[in-house]
Amino acid sequence: MKLPPFEYACPATLREAVALLASHNGEAKAIAGGQSLVPMLAFRIAQPSLLVDLRKLPGLNEIKIGDDGVRLGALVRWRDILDDKRLDAAHPLLKAAVAHVAHYQIRNRGTVGGSLAHADPASELPCIAVTCEAEISVTGQTGARTIAASEFFQGALTTALQPDEIITEVHLPAWPAKRRFGFQEFARRRGDFALAGIALTYDADAGGKAGNAHIGVFGVGDRPRRLAAAEAALNGRTVDEATAVKVGEAAAVEVDPQEDIHASAPYRRALSGTLAERALLAAAK
Ligand SMILES: Cc1cc2nc3c(=O)[nH]c(=O)nc-3n(C[C@H](O)[C@H](O)[C@H](O)COP(=O)(O)OP(=O)(O)OC[C@H]3O[C@@H](n4cnc5c(N)ncnc54)[C@H](O)[C@@H]3O)c2cc1C
């Protein structure tokens, strides 16, 4: 399908990009990998008057790893994450999740910033950001600000971004050595968006008990969210099959699934519980 008409700009600085986004009365849009936006243009779901191509903006395609955690520039692609061996230790959950994102060709172009800004409720990275208490840095005409991931996602395809704001970076806090993780999702075909998914971390104490549990769900509801009751069912417990069953039951009760053409609400509820149970057992291994 032919795209609707639009103007195109490819600025060389962040300041210029922000000014361009602000210049079209909220009708300009950033484009990064184009893997979500171009289909939306083709289907006329989006009809921006100006596309601001971010690909020449300097410094946004770096993965920085330091004592305070991992910083992913907005133009980092899925492929960059999968190819970065440092992330095996610095953030194994991120790597495990990104391995489920889309297909080979899409992973070569799709970006971190595009995924966060697009805010598909079934996307992996927004759930990792919420589960790990990430912070998202953005820059607009009034300057730069940092938004907690838990406040950034406001609904399906809806975020706290203002029309003139560009995501520059997402910061995932440091990954302690004692941290265990599990990531489970179910999609009809590998690479498709998940019908439901769970990201789980906990810190194992010397006696083998779990603490500091973080359990996030995606693909169920209009945005990724933490599951407080499932986390409470894990904290302070020895991780075994009985605990996994309890965590799974708590997750299934706590989710608020929607029905659509892909799955019924009761199916998504049961699936969420099963995936939480499996994620915990995988983490324990
Ligand atoms: C067949 C198919 C399967 C897919 N499967 C999955 C999947 O399983 N999991 C998954 O997570 N994703 C999936 N995707 C989506 C893919 O990962 C996208 O690449 C990603 O969501 C958007 O990244 P992008 O760089 O392509 O963004 P674009 O398409 O360029 O932009 C998407 C949106 O983000 C905005 N934007 C982009 N960058 C910025 C920025 N830095 N600051 C502010 N706004 C910005 C744009 O204005 C636009 O609104 C799939 C896509 C396809 C086509």
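A residue is called buried when its relative accessible area is under 20%, exposed when this is over 50%, and partly exposed in between, with a 1.4 Å probe and protein chains only. Helices (H or I, at least four residues) and strands (E, at least two) are DSSP runs that are numbered from the N terminus. By these terms, 8 of the 8 residues of helix α8 (residues 124–131) are buried, so α8 is largely enclosed by the rest of the structure. The buried residues of α8 include Glu 124 and Thr 131, together with Leu 125, Pro 126 and Cys 127. Just after α8, Glu 133 takes a positive phi of about 55°.

The model is predicted, and for this reason local features need pLDDT of at least 70 and side-chain atom pairs count only at pLDDT 80 or more, while totals for chains, interfaces and linings use all residues. Residues are numbered from 1 along each chain as its sequence is written, and side-chain values use heavy atoms, with hydrogens and water left out.

Strands of a sheet pair through backbone hydrogen bonds, in either a parallel or an antiparallel sense. Here, two strands are taken to pair if DSSP finds at least two bridges between them. An open sheet of 5 strands has the order β4-β5-β10-β6-β7, and its pairing is antiparallel. Strands β4 (63–66) and β7 stand at the edges with a single partner strand each, so one side of each is left without a neighbour in the sheet. On average, and with direction ignored, neighbouring strands of this sheet are turned by 20° against each other, where axes are lines fitted to C-alpha atoms, for helices over the stretch in contact, and angles run from 0 to 180 degrees between N-to-C directions.

Within this sheet, β4 pairs with strand β5 (residues 69–73) in the antiparallel sense over 4 bridges, and Ile 63 stands opposite Leu 72 in β5. Strand β6 (residues 135–140) is mostly covered, since 5 of its 6 residues are buried. On one hand, β6 is joined by 6 bridges to strand β7 (residues 143–148), the two running antiparallel, and these strands form a hairpin with 2 residues between them. In this pairing, Gly 140 stands opposite Gly 143 in β7. On the other hand, β6 pairs with strand β10 (residues 166–173) in the antiparallel sense over 5 bridges, and the bridge partner of Ile 136 in β10 is Val 170. Helix α1 (residues 14–22) lies across β6 and β10, and runs at about 120° to β10.

A further open sheet is formed by 4 strands in the order β11-β12-β13-β14, again with antiparallel pairing. Its edge strands are β11 (179–186) and β14 (225–226), each of which pairs on one side only. Helix α12 (residues 265–284) packs on the sheet, touching β11, β12 and β13, and its direction makes about 35° with that of β12; contact means heavy atoms within 4.5 Å. Strand β12 (residues 196–204) pairs with strand β13 (residues 210–218) in the antiparallel sense over 7 bridges, with Ala 199 opposite Gly 216 and Gly 197 opposite Phe 218. The hairpin of β12 and β13 has 5 residues between the strands, and in this hairpin Gly 208 takes a positive phi near 90°. Strand β13 is mostly covered, with 7 of its 9 residues buried. Between β13 and β14, which run antiparallel, there are 2 bridges, and Val 217 stands opposite Arg 225 in β14. These two strands form a hairpin with 6 residues between them, and Gly 219 in the turn has a positive phi of about 80°.

Val 52 lies in strand β3 (residues 50–53) and, at 0% relative accessibility, counts as buried. When residues up to four places away in sequence are not counted, Val 52 touches several residues, among them Ala 9, Pro 11, Ala 17 and Ile 31. Val 52 and Ala 279 are 227 residues apart in sequence, and their C-alpha atoms are 40 Å apart in space.
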